[in-house]
Amino acid sequence: MTNPTPSQPETIRLSGRPLTFGDLRAIGMRSLGLDIDETSFTRVQASRRVLEAAIAAGQPVYGANTGVGAMKDVSWSDADLAAFNTGLVRAHHFGTGDAFPVEVVRNAIAIRINMALTGHVGCTPELVRIYERLLDADVIPVVRRTGSIGCADIGLMGQIGAVLTGVGEAWHNGKRLPAEEALALAGLGPMQLAPKDSLASISTNAVGYAAAASAVQNAAKILRVLLATGLTTAGALGASREPWKAVAHVGTEREAGIGAWLYFNAMGWDWPIGTNVQDPLSVRMMSQVFATAFESLTIAGRTVLAATGRTDDNPVVAGGLVLTSGGSLPLDVTVFLQTAQLALAHVARNSFNRCVLLANGGRRNLPVNLVAPGVIATGFGPILKLSGELYARCLSFSSSISAQSMVVANGMEDEAAFLPLVVERLERQTEALCRMAALEGLLAAQAMDISEDRPGNVPGMVHALVRQNAAFYREDRPLSADVEAIECALCSDAFVSELVSHSALMDLDAFFALPSRPDQGANGV
């Protein structure tokens, strides 16, 4: 479901259907309550009956009454099952490094619940309810992010599953606590996991999907900012607006939409004219570059959202049977994320090229290095090396890693997608893009002030933000703090909210649930 209107309840109802970016944003931030659709819950009960019947009939059920991985052929007696199920989740608590944000883990738990509501997992109804109680009580396991090859997040989900048994760590009331203490403070206690519940607690890509959704949403937000700084540079250079009109006739639907946004937001002020015939391609082809990046992110976003409404367990319950499955490989999500990373590398090159155009001077008689007239200074020439480094950084994160060879578990597990690692690389690429936007905005504002422009519309918003955080460059000074201050403000939810509310890209802003001010009517395309 989407964010509620005044006539809708202040809850998100999980039913096994795919979630939206708006749902995930609300769940992660705890801005809406959460409940479970009772009709869908009956599917959990039905699938559990199928699985228990299979076990009662003596059928080996992987991870329920047998071992896992290289120990798949080991059968456990009824007397062994309690120790096995407790030990299984604890053995898979091996993540290391920095922890995922709490918002990502909340979403991972909600996704795990939602998958179970499809009726194909075979877990007990009690497991679903304990996950629900964790979210209600805000007991959120600490999940260290290094520990998954992207073929069921066993090393990541294991950290959630272990908390159910009273070990590991969890956040509660803003404090990082031992799991047993956090559970006790919330009025909960350790759970004895039933057969298949332990496997259902670890063998899913829910953490990877939650992290991927967060990374895609943030990348779309930063791309919105880069579109604004790119338009600001075009104004500073006096670029022709004709390509943004032409693309409506000869471009794709997405390109036409981006072109219309650029053209509309170039209005409302005295746009300078500096072009005789042709602009450099980095300005002329902004519609094509940004449209491709937005389209790639949209495809990646649709793919990860679709994954939140289907089961990736092994085995699964389907057609009244317990079936072995190969659905735990999140290859579609991973491949489309990597495609988006390639598109974002093109955006980075596009921004870098415009930074070079600004600093080189010449257009509109701008001075070399954007040194103010009559001033003795080196100016902005040296900082272009930062822009080049950021571009190279973005490019380095665009190479595919998902096809790397990987064989584990005595040869049983010889496919992997490395989704969590791909997500981490997307996050780092997005961080570099955010800094590139700050640097481009700084250069564009300097050029506009030298030319005595009075920008309006979106370029005016960018110029004003830059000047709130960095003074006009009159003499050589350190720029590190200036760039970081602009970056912090430019890529904040507050500025993006202002940007979206001022001039929306309707379908993209809504799909990615980008922050906006509900009290302001948005102009847009």
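## Close-up views of a predicted model

**View 1. What sits over the buried side of helix α10.** The buried residues of α10 are covered by, among others, α9, α11 (253-265), α12 (281-284) and α13; cover here goes by contact, meaning heavy atoms within 4.5 Å. This is a predicted model: local features need pLDDT of at least 70, side-chain atom pairs count only at pLDDT 80 or more, and totals for chains, interfaces and linings use all residues. Residues are numbered from 1 along each chain as its sequence is written, and side-chain values use heavy atoms, with hydrogens and water left out. Helices (H or I, at least four residues) and strands (E, at least two) are DSSP runs, numbered from the N terminus. In α10 (residues 242-250), look for Pro 243, Trp 244 and Val 247, which are buried. They sit on the same side of α10, because they cover an arc of only 100 degrees around the axis (the arc is that of the directions from the helix axis to the C-beta atoms). On the other side, Glu 242, Ala 248 and His 249 are exposed. As for the cut-offs, buried means under 20% relative accessible area, exposed means over 50%, and partly exposed is in between (1.4 Å probe, protein chains only).

**View 2. The largest nonpolar core.** This core has 159 residues. A nonpolar core is a set of buried Ala, Val, Leu, Ile, Met, Phe, Trp, Tyr and Cys residues joined through side-chain atoms within 4.5 Å. Helix α9 (residues 206-237) gives the largest share of this core, 21 residues. Ile 113, Leu 127, Tyr 131, Leu 297 and Leu 337 have the most contacts inside the core. Zoom in on Leu 337: leaving aside neighbours within four places in sequence, its contacts include Ala 212, Val 216, Ala 300 and Leu 419.

**View 3. A nonpolar patch on the surface.** Here Ile 299, Leu 331, Val 335 and Phe 336 together show about 280 Å² of accessible area, worked out by the Shrake-Rupley method with a 1.4 Å probe; for residues, only the protein chains shown count as cover. Patches are made of residues with over 30% relative accessible area and no salt bridge, with like charges joined within 9 Å and nonpolar side chains (Val, Leu, Ile, Met, Phe, Trp, Tyr) within 5 Å. Helix α14 (residues 331-360) gives the most to this patch, with three residues. Ile 299 belongs to helix α13 (residues 286-307) and counts as partly exposed, because its relative accessibility is 33%.

**View 4. A buried glutamate.** Glu 440 is part of helix α16 (residues 419-450). Its relative accessible area is 0%, so Glu 440 is buried. Leaving aside neighbours within four places in sequence, Glu 440 is in contact with residues including Thr 229, Ser 351 and Arg 354.

**View 5. Salt bridges.** The whole structure has 24 salt bridges, each a side-chain nitrogen of Lys or Arg within 4 Å of a carboxyl oxygen of Asp or Glu. Arg 129 pairs up with Glu 132, their closest N and O atoms being 2.9 Å apart. The two are about one helical turn apart, because they are three residues apart in helix α5 (residues 125-137). Another salt bridge joins Arg 467 and Asp 449 (2.7 Å, N to O). That pair links distant parts of the chain, with Arg 467 in helix α17 (residues 457-469) and Asp 449 in helix α16, 18 residues apart. Elsewhere, salt bridges that share partners join Arg 25, Lys 221 and Asp 493 into one network.
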